[in-house]
Amino acid sequence: MLSYRHSFHAGNFADLLKHIVLVEILDHLLKKDTAFDYIDTHAGAGLYDLRSAQSQKTLEHSGGIARLNFADWPELDRYAEVVGSFNKTDAVNFYPGSPSIVGCFLRPQDRAWLFELHPQDYQLLQKNFAGRKNIRVYHTDGFDGLKALIPPRSRRGLVLIDPSYEIKSDYDLVIDQVAKAYKKFSQGIYAIWYPVVDRNTIQRMQKKLINSGIRNIQCFELGVMPDSREHGMTASGMLVINPPWTLMSKISALLPKLATLVSQCGSQIYQCATLVEE
Ligand code: SAM
């Protein structure tokens with residue numbers, strides 16, 4: 001079942017947190033000249049036109065990237081630079097997905113592996129990265145791809161796991177797959193996105209990850225309203241395994257401000273926590 005298209009959601013409050021965390025991790029990886037591999041198990045189309053019929057139908061970006069005036073956020077200069085590089089004016093008409101963000105950071109020695117199952121989004125993804133020698137695009141299941149690629153030759157890597165959670169069992173599947181991957185590549189950085197639709201499901205997912213034996217896990221959440229069973233996704237989070245040592249201080253300083261920016265209820269909804277110590 002592949003009904004999800006990220007074009008309906010690009011640039012929303014969930015993308016803000018996901019991509020700000022992604023940029024921070026990439027910035028850290030670039031501090032060493034040593035090559036790294038980036039694996040995006042659920043890549044999407046790569047780039048989104050926020051004036052498209054899909055984006056205009058939901059207007060989700062109006063609660064996310066459209067609220068962000070980069071001039072007021074010097075701490076997000078790298079993210080601003082990346083988003084700006086896809087837009088000719090200050091208005092954000094094009095929003096880069098995770099593969100395009102990573103594409104801005106890759107050096108000749110680094111490689112990216114992108115997996116996307118939706119036939120149309122796969123085609124768009126392929127088109128967006130045609131001619132980029134060190135970026136490979138596959139129309140394959142992302143978890144199978146991950147299994148085949150790890151440990152990467154560089155032994156330095158970032159894995160982004162960003163499914164659409166269309167099926168309830170996806171929450172369990174993600175943790176099972178991460179636990180398997182970690183056994184083969186325990187030094188990798190893993191960033192796992194999740195939506196908060198039902199808090200019990202997220203608590204179960206986090207408990208399963210904590211009990212998996214994986215060390216060094218941090219969690220960051222940003223929401224627009226308190227937990228509720230009536231409003232769909234009220235928050236979303238990122239679980240980061242083997243985070244850069246600066247990530248907690250950077251994201252915890254940003255979250256209160258971001259929570260004010262995206263709030264739909266007048267209060268700040270966010271969390272940051274170390275789930276498992278090093
Ligand atoms: N990571 C993207 C970003 O940040 O711009 C957004 C990805 S979107 C949330 C999830 C994508 O995963 C969808 O495009 C969907 O078609 C794709 N997908 C779903 N199941 C998949 C699977 N098993 N393997 C690869 N892609 C899958």
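Tutor: Two residues are in contact if their C-beta atoms, placed from the backbone, lie within 7 Å. The model discussed here is predicted.

Student: Which elements are included in what covers the buried residues of helix 3?

Tutor: Helix 3 spans residues 77-84, and its buried residues are Tyr79, Val82 and Val83. The cover over these buried residues includes helix 1 (13-29), strand 3 (94-96) and helix 4 (98-105).

Student: Why do the buried residues of helix 3 line one face?

Tutor: In an α-helix there are 3.6 residues a turn, so residues three or four places apart point the same way. The buried residues here are Tyr79, Val82 and Val83. They line one face because, seen down the axis of helix 3, they fall within an arc of 95 degrees.

Student: Which are the edge strands of the open sheet of eight strands?

Tutor: The sheet has the order 5-4-1-6-7-9-8-10, with mixed pairing. An edge strand here pairs on one side only, and this holds for strand 5 (135-138) and strand 10 (269-276).

Student: In strand 7, which residue is the bridge partner of valine 159?

Tutor: Strand 6 (residues 157-161) and strand 7 (residues 189-196) run parallel and are joined by four bridges. The partner of valine 159 in strand 7 is tyrosine 190.

Student: Which residues stand opposite glycine 237 in strand 9?

Tutor: Strand 9 pairs with strand 7 in the antiparallel sense over seven bridges. Strand 8 (residues 217-223) also pairs with strand 9 in the antiparallel sense, over seven bridges. Opposite glycine 237 stand tyrosine 194 and glutamate 221.

Student: How many residues of strand 9 are buried?

Tutor: In a regular strand the side chains alternate between the two faces of the sheet. On one side of strand 9, Ala235, Gly237, Leu239 and Ile241 are buried, and on the other Ser236, Met238 and Val240 are buried. Of the seven residues of strand 9 (residues 235-241), the number buried is seven.

Student: How do the residues around the ligand divide into nonpolar, polar and charged?

Tutor: The ligand is surrounded by 20 residues, the closest being His42, Gly44, Gly97, Ser98 and His118. The shell divides into six nonpolar, eight polar and six charged.

Terms used:
Residues numbered from 1 in each chain as written. Predicted model: local features only at pLDDT ≥ 70, side-chain atom pairs only at ≥ 80, totals over all residues. Near = placed C-beta within 6 Å. Nonpolar A, V, L, I, M, F, W, Y, C, P; charged D, E, K, R; others polar. Pairing = 2+ DSSP bridges. Helix = DSSP H or I, 4+ residues; strand = E, 2+ residues; numbered from the N terminus. Buried ≥ 20, exposed ≤ 12 C-beta atoms within 10 Å, placed from the backbone. Arc of directions from axis to C-beta.
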